[in-house]
Amino acid sequence: MLETVLKRFEEPDEVRVFEKGKFELVRIEGMTIGRATYEPGWKWSESVKPIAGTETCQVAHTGYVISGCGHIVMDDGEEYDLEPGDGFYIAPGHDGWTVGDEAFVALDFTGMADYAKSS
């Protein structure tokens with residue numbers, strides 16, 4: 001029998017905190033959904049790289065921008081801006097950072113089980 005499951009990010013299953021950011025995770029029926037909050041000045045290569053141990057982010061992201069703006073640079077040099085209302089897929093192999101003086105907040109539906117997680 002299938003059940004209805006309701007979860008709120010105000011009461012996440014797990015919170016991962018790192019320099020200038022945090023990731024709140026909720027797990028629903030085998031799926032891990034993350035809410036990323038990256039403060040002004042956050043940059044993956046400065047805040048998460050030491051945790052991940054890779055030169056660039058090797059996690060695929062599929063998500064939706066709630067607020068704030070972000071900038072992505074792929075390993076091949078392609079660049080993208082992320083703004084509120086954007087749905088996105090970002091392949092592994094990228095760096096990213098918050099743009100401006102407002103926190104970047106996004107939901108992420110893929111690859112979150114191990115993102116910013118210490119080994």
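This is a predicted model: local features need pLDDT of at least 70, side-chain atom pairs count only at pLDDT 80 or more; totals for chains, interfaces and linings use all residues.
**Stop 1**

**Stop 1: strand 5**

Select residues 69-74, which make up strand 5. Is this strand enclosed or open to the outside? Five of its six residues are buried, so strand 5 is largely enclosed by the rest of the structure.

Now follow the pairing on each side. Strand 5 meets strand 6 over four bridges, in the antiparallel sense. Pick Met 74 here; its bridge partner in strand 8 is His 94.

**Stop 2: the hairpin**

Move to the link between strand 5 and strand 6. This hairpin has four residues between the strands. Select Gly 77, which takes a positive phi near 95 degrees.

**Stop 3: a nonpolar patch**

Switch to a surface view. Select Met 31, Tyr 64, Ile 66 and Phe 109, which make a nonpolar surface patch of about 340 Å². Met 31 lies in strand 3 (residues 31-38). Met 31 is partly exposed, at 35% relative accessible area.

**Stop 4: salt bridges**

Show charged side chains next. How many salt bridges does the whole structure hold? A search finds seven. Three of them follow.

- Arg 8 and Glu 10: their side chains meet at 3.4 Å, N to O. Both residues are exposed.
- Glu 14 and Arg 27: the closest N and O atoms are 2.5 Å apart. This pair links distant parts of the chain, with Glu 14 in strand 1 (residues 14-18) and Arg 27 in strand 2 (residues 21-28), 13 residues apart. Glu 14 is partly exposed at 23% relative accessible area, and Arg 27 is partly exposed at 34%.
- Lys 22 and Glu 24: the closest N and O atoms are 3.7 Å apart. Lys 22 is partly exposed, with 33% relative accessibility. Glu 24 is buried, at 7%.

Salt bridges with shared partners join Glu 14, Arg 16 and Arg 27 into one network.

Definitions and conventions
Residues are numbered from 1 along each chain as its sequence is written. Side-chain values use heavy atoms; hydrogens and water are left out. Two strands pair if DSSP finds at least two bridges between them. Helices (H or I, at least four residues) and strands (E, at least two) are DSSP runs, numbered from the N terminus. Patches are made of residues with over 30% relative accessible area and no salt bridge: like charges are joined within 9 Å, nonpolar side chains (Val, Leu, Ile, Met, Phe, Trp, Tyr) within 5 Å. Accessible areas come from the Shrake-Rupley method with a 1.4 Å probe; for residues, only the protein chains shown count as cover. A salt bridge is a side-chain nitrogen of Lys or Arg within 4 Å of a carboxyl oxygen of Asp or Glu. Buried means under 20% relative accessible area, exposed over 50%, partly exposed in between (1.4 Å probe, protein chains only).
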